[in-house]
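Welcome! Open your viewer, get your selection tool ready, and let us walk through this model stop by stop.

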Amino acid sequence: MWAYNSIFYQIYPIGFCNAPTHNDGQCVPRIRCLASWADYLRDLGVDAVLLNPVFESDNHGYDTRDFRKIDCRLGTNDDFSDVCKTLHEHGVKIVLDGVFNHVGRGFWAFRDVQEKKWDSPYKDWFCINFDGNSSYNDGFWYEGWEGHYELVKLNLRNPAVVDYLLDCVRFWVETFDIDGLRLDVAYSLDRDFMRRLRAFTGSLKDEFVLIGEVLFGDYNQIVNDDMLHSCTNYECYKGLYSSFNSMNLFEIAHSLHRQFGADPWCIYRGKHLMTFADNHDVTRLASILTNKEHIPLAYGLLFGMPGIPCLYYGSEWGEPGEKAPDNDYALRPHFETPKPNDLTDLIRKLIQIRHGSDALCNGSYRNVVITNHQLIFERATEKERILVAVNAADAPYTASCGDLNGTATELLSGRKLDIAGNLELPAYSIQYLVL
């Protein structure tokens, strides 16, 4: 699967393209600005863009009106098709946000139910009770997603709904040549639907990837040969920033070993979960870390740990952004052009190293040294062995690595190092050592 050896770049198009927060009905080809970033993405080393909702919606994209039409605030289907073609020409694949659990109140089938009530042929597309009423006084009660009644839950046990959604996916592949889907709130989706989706998309396009948004629980329940290829690794997301803020690297080391270590009880060994430092729903890394010297180190860990690394647009140059109630713009801003800096250069180098490393993409995981402020772990395959070493302290540290001896190449600097049981870790440093 191509995604397992790839770097993703997540973009929230409505914010990225400076579209109005609420759908104003005006068609403006804002999505074309994404094409102007294609050279930058290729230079950064990105393999795929993960685009949050692009289809016609009431407001933020997750309240879909029409699955077959690009949101008018972003342009037309032809505009988006041209953008996808440009990205593909630059070697960048396209993964779209598949919002299949719910739709907006403006969704065409729900509007039909509002108008015709019992007489609507679409009444069974939703979870409706005509003996009740909604908070919008529709004259019937319906299930909303987790109590959000602007998000109308689809009935994925209805074969007509499933057939409709799969036909929309076929349309996206035929029209935009997409390469995969990110499944919104995958933890809420009907599992038979996910099985059907996996079989269907596999027949449409070789190595079509399915990545689920999962916040908690056992990822094995939906990441398997019958359902999804990957899901978001929120456990390691939390451990990544919290280990630095608490100066307790045991936390992330424990999570990584629990998930990918060699012990029989390690639960996700061999799986490729999506790893990230931030996204469109959480405070950005540059704002959540209390010591800004730790920002490069967090990315050093991100690109060294098992999984599929995903960057959130702008964070590769340290863009701040704090999650706040009713203010999505703080996390989902517009940028006219990229703003690369030294952090971007480091991330570009980390991407180059990962692309060239079988161990970092597919290798085993083993903790070698763990202290509150330092972590050294090993990634290894039969072809290659790499140590990832982090010192989060403001002073140098000499790590005792036991029986590790010989010459190593530090990949970020290109320096040759002699290791005789000890490894010197400069203050606030990240090292990738090929043994």
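Start by selecting strands β9 (residues 144-145) and β10, which run antiparallel and are joined by 2 bridges. Strands here are DSSP E runs of at least two residues, helices are H or I runs of at least four, and both are numbered from the N terminus; two strands pair if DSSP finds at least two bridges between them. Before moving on, note that this is a predicted model, in which local features need pLDDT of at least 70 and side-chain atom pairs count only at pLDDT 80 or more, while totals for chains, interfaces and linings use all residues. Residues are numbered from 1 along each chain as its sequence is written, and side-chain values use heavy atoms, with hydrogens and water left out.

Now pick G144: opposite this residue, in β10, stands V152.

Which strand joins β10 through 3 bridges? Select β6 (residues 102-104), which runs antiparallel to β10 (residues 148-153). There, H102 stands opposite K153.

Next, select helix α5 (residues 159-176). Zoom in on the N-terminal end, where N158 caps α5 with a side-chain oxygen 2.9 Å from the backbone nitrogen of A160. Just after the helix, D177 takes a positive phi of about 60°.

Colour the buried residues of α5, among them V161, Y164, L165, W172 and F176. Buried means under 20% relative accessible area, exposed over 50% and partly exposed in between, using a 1.4 Å probe and protein chains only. What covers these residues? The cover includes β3 (55-57), β4 (64-70), α4 (108-116), β11 (180-183) and α6 (191-204).

Jump to G91, in the loop between α3 (77-89) and β5 (93-98). Beyond its neighbours within four places in sequence, G91 is in contact (heavy atoms within 4.5 Å) with V46 and D47. L41 is 50 residues from G91 in sequence, yet their C-alpha atoms are 9.4 Å apart.

Last stop: the cysteines. How many disulfides (pairs of cysteine sulfur atoms within 2.5 Å) does the structure hold? There are 0. For C236, the nearest cysteine sulfur belongs to C231, 11 Å away. C236 is buried, with a relative accessible area of 2%.

Note on methods: Disulfide = S-S within 2.5 Å. Expected span 1.5 Å × (residues − 1). Polar contact = N/O pair within 3.5 Å; in protein donor to acceptor, adjacent residues only side chain to side chain.
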